[in-house]
Amino acid sequence: MTTIAAELQAAARRLADEVRSLSFAEPITHVYHPLDYAWAPHAAYIAAYGRGRKDIVFLGMNPGPFGMTQTGVPFGEVKAVRDFLKIEAPVSRPAHEHPERPVQGFACTRAEVSGSRLWGAVAQRWGAAERFFNRHYVANYCPLTFIEASGKNFTPDKLPAGERAPLEAACDRHLLRLVELLEPTWVVGIGAWAEKRAQKVVGARAKIGKILHPSPASPLANSGWAEAAAADLARLGACPLSDMIQETGPKTQVEKVRRAGGRGVHPG
């Protein structure tokens, strides 16, 4: 394992330590800490793919209930993590678990649509995970999963200021350390909130942009996420549009992406 990967693991450990004692009021009733109970696959992810500097760091918000919450890997739908990223490791369970949101680790059969879309697009374009991670990395800003009494997912952008401030302070320190270690040219938020956090934390250390979040709650994502993300990257000039466009997508959509910003884009 390289020095950079070891330092990334140490930074993730520090983040886990800093957020472990934080408390959150209703409507949140359960808080999961994947960096604790799913540390083994998370550490394996860093060891395998955090070994050198990157051109682009893609930054998500926080773990999804059937993604990183289960596998410890950002956007970590089980099938994608096991079959494409080639990671599978023991996962324990949270001490205080919601009965409708059990942590089953790699035995989880529920699909995480966001993760399936993201890693599916990466697999289609790059073929092998190592080729993608040679110049790119995917991380989450916040490591915690928030669950309401009903079992509904609660996102950190909706936290009241008094609860959000100490969480953001810890997450900001971790993001800054990640950028120091990976030295990316770009930090690209997967969604607007991640972009805003990057703008605040990263400053002039890297260029900041965003792509559409692949959430199934987004009508735009449901009508062709890979093509929309390609258009976003083309407008930024962060990646060639072929990096994210699915060859099976409609030609008219591809042409729209090209007209939106295909010229002068350097390889990503």
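Which residues lie nearest the centre of the largest cavity? Ala12, His42, Ala139, Asn140 and His174 do, and the lining of this cavity comprises 17 residues.

The structure is a predicted model, in which local features need pLDDT of at least 70, side-chain atom pairs count only at pLDDT 80 or more, and totals for chains, interfaces and linings use all residues. Residues are numbered from 1 along each chain as its sequence is written, and side-chain values use heavy atoms, with hydrogens and water left out.

**Cavity and pocket**

On a 1 Å grid over the protein atoms alone, a cavity is a set of points where a 1.4 Å probe fits but cannot get out; a pocket is an open set with protein on both sides within 12 Å along at least five of seven lines, and lining residues have an atom within 4 Å of a point. Grid points are joined across faces, edges and corners, and a volume is the space filled by probe spheres set on the points. Two cavities of 30 Å³ or more are counted. Helices (H or I, at least four residues) and strands (E, at least two) are DSSP runs numbered from the N terminus. H1, helix H3 (39-49), E3 and helix H8 (161-182) each give two or more residues to the lining of the largest cavity, and E3 gives the most, with four residues.

At least two lining residues come from each of helix H6 (113-126), strand E4 (145-148), strand E5 (153-154) and helix H9 (192-202); H9 supplies the largest share, three residues.

The table sets out both spaces, with Ala, Val, Leu, Ile, Met, Phe, Trp, Tyr, Cys and Pro counted as nonpolar, Asp, Glu, Lys and Arg as charged, and the others, Gly among them, as polar.

| Space | Volume | Lining by class |
|---|---|---|
| Largest cavity | about 160 Å³ | 14 nonpolar, three polar, no charged residues |
| Largest pocket | about 720 Å³ | 15 nonpolar, 10 polar, six charged residues |

**Strands**

Strand E3 (residues 136-140) has five of its five residues buried (under 20% relative accessible area; exposed is over 50%, partly exposed in between; 1.4 Å probe, protein chains only). His136, Val138 and Asn140 cover one side and Tyr137 and Ala139 the other, all of them buried. In a regular strand the side chains alternate between the two faces of the sheet. E3 runs parallel to strand E2 (residues 56-60), to which five bridges join it; two strands pair if DSSP finds at least two bridges between them. Among these contacts, valine 57 has tyrosine 137 of E3 as its bridge partner.

A further open sheet has three strands in the order E1-E4-E5, with antiparallel pairing. Its edge strands, strand E1 (28-32) and E5, each pair on one side only. E1 and E4 are joined by four bridges, and valine 31 has phenylalanine 146 in E4 as its bridge partner.

**Helices**

Helix H1 (residues 3-20) has 18 residues and spans 26 Å from its first C-alpha to its last, close to the 26 Å expected at 1.5 Å a residue, where the expected span is 1.5 Å times one less than the number of residues. Its buried residues are Ala5, Leu8, Gln9, Ala11, Ala12, Leu15, Ala16 and Val19. Seen down the axis of H1, these fall within an arc of 160° (taken from the directions from the helix axis to the C-beta atoms), so they line one face of the helix.

Lysine 79, in helix H5 (residues 78-84), is exposed, with a relative accessible area of 53%. Its C-alpha atom is separated by 9.8 Å from that of arginine 110, 31 residues apart along the chain.
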